[in-house]
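Please look over the sequence and the model below before reading on.

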Amino acid sequence: MDLSRRRVLGAAALGGAAALVGATALGSLAPEAAFAAPSALDPDAPDPNFAEGRVTGVSDTMLLVTGSDGTLWRIRVTGASSVWKLRPASLDQVRVGDGLYARGVRLPDGTLAADSVWVNIVNLQVHIAAITRNTVHLDHRGSRIIGHVVPGTSVAAYNGTPAVADLSLLKVGAHVQVLGAWIPDTNEIEIATVHAAA
């Protein structure tokens with residue numbers, strides 16, 4: 001992240017004029033961006049500008065999050081932040097119990113000024129066990145996951161080509177990668193993108 005981006009996010013978190021920047025001006029909303037490699041100098045060091053965990057509170061523009069390692073995060077969502085929850089979303093769609101990944105800029109008080117927030121995002125390597133009109137049943141390491149097809153949102157990318165709304169080329173038994181949004185505390189997801197061979 002370049003210095004100008006850090007300044008914009010920091011100013012937005014502090015209520016400066018940078019809060020007028022559009023929601024997607026700085027951060028990618030693409031779900032694939034959540035899983036991009038961090039840019040830390042030491043690949044073994046945790047990225048101080050990345051947070052993950054479950055939402056334990058939402059207060060004004062602040063998300064309170066408990067990380068899987070017990071870390072307590074305060075994540076500030078600003079006018080310069082991108083929020084994804086299966087599709088571009090807003091802070092008022094984030095709920096206690098949701099899982100999330102967030103990238104941004106760590107402020108001196110320890111708050112993370114969010115660049116991008118991905119709510120309930122999952123990235124699964126699975127086998128297709130069954131297909132119905134509105135669901136794709138997935139086998140993930142012996143566990144069954146129900147993937148809901150969301151009209152107007154769910155797409156498939158076959159053989160690395162651009163994504164299309166036609167999921168009819170998916171085959172039972174195929175190994176696929178699925179990006180989507182987990183429905184908290186269930187074995188169900190809403191499908192964003194299926195990467196498959198045709």
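Residues are numbered from 1 along each chain as its sequence is written, and side-chain values use heavy atoms, with hydrogens and water left out.

**Aromatic pair**

- The count comes to 1 aromatic pair, where rings of Phe, Tyr and Trp (its six-membered ring) pair if their centres lie within 6.5 Å, and planes under 30 degrees apart count as stacked, over 60 as edge-to-face and the rest as tilted.
- The pair is formed by Phe50 and Tyr101, whose ring centres are 5.6 Å apart and whose planes meet at 40°, so it is tilted.
- Because Phe50 lies in strand β1 and Tyr101 in strand β6 (residues 99-106), the pair ties together parts that are 51 residues apart in sequence; strands here are DSSP runs (E, at least two residues), numbered from the N terminus.
- Phe50 is partly exposed as well, with a relative accessible area of 21%.

**Second largest pocket**

- The second largest pocket has a volume of about 200 Å³, and of the 11 residues that line it, the closest to its centre are Pro46, Asp47, Phe50, Ala51 and Trp73.
- On a 1 Å grid over the protein atoms alone, a pocket is an open set of points with protein on both sides within 12 Å along at least five of seven lines, and lining residues have an atom within 4 Å of a point.
- Strand β1 (residues 50-59) gives the largest share of this lining, 3 residues.

**Leu170**

- Leu170 lies in the loop between β11 (155-158) and β12 (175-182), and at 8% relative accessibility it counts as buried.
- Not counting residues up to four places away in sequence, Leu170 touches Ile128, Ile131, Val136, Tyr158, Val194 and Ala196, a contact being heavy atoms within 4.5 Å.
- The C-alpha atoms of Leu170 and Tyr158, 12 residues apart along the chain, are separated by 8.9 Å.

**Confidence**

- The mean pLDDT of the chain is 85, and 78% of its residues reach 70 or more, pLDDT being the predictor's confidence in each residue, from 0 to 100.
- Over residues 1-27 the pLDDT is below 50.
- Where pLDDT is low, the predicted coordinates should not be read in detail.

Methods:
Predicted model: local features only at pLDDT ≥ 70, side-chain atom pairs only at ≥ 80, totals over all residues. 1 Å grid on protein atoms, 1.4 Å probe; cavity = no way out; pocket = protein on both sides within 12 Å on 5 of 7 lines; lining within 4 Å. Points joined across faces, edges and corners; volume = space filled by probe spheres on them. Helix = DSSP H or I, 4+ residues; strand = E, 2+ residues; numbered from the N terminus. Buried < 20%, exposed > 50% of the residue type's maximum accessible area, 1.4 Å probe, protein only.
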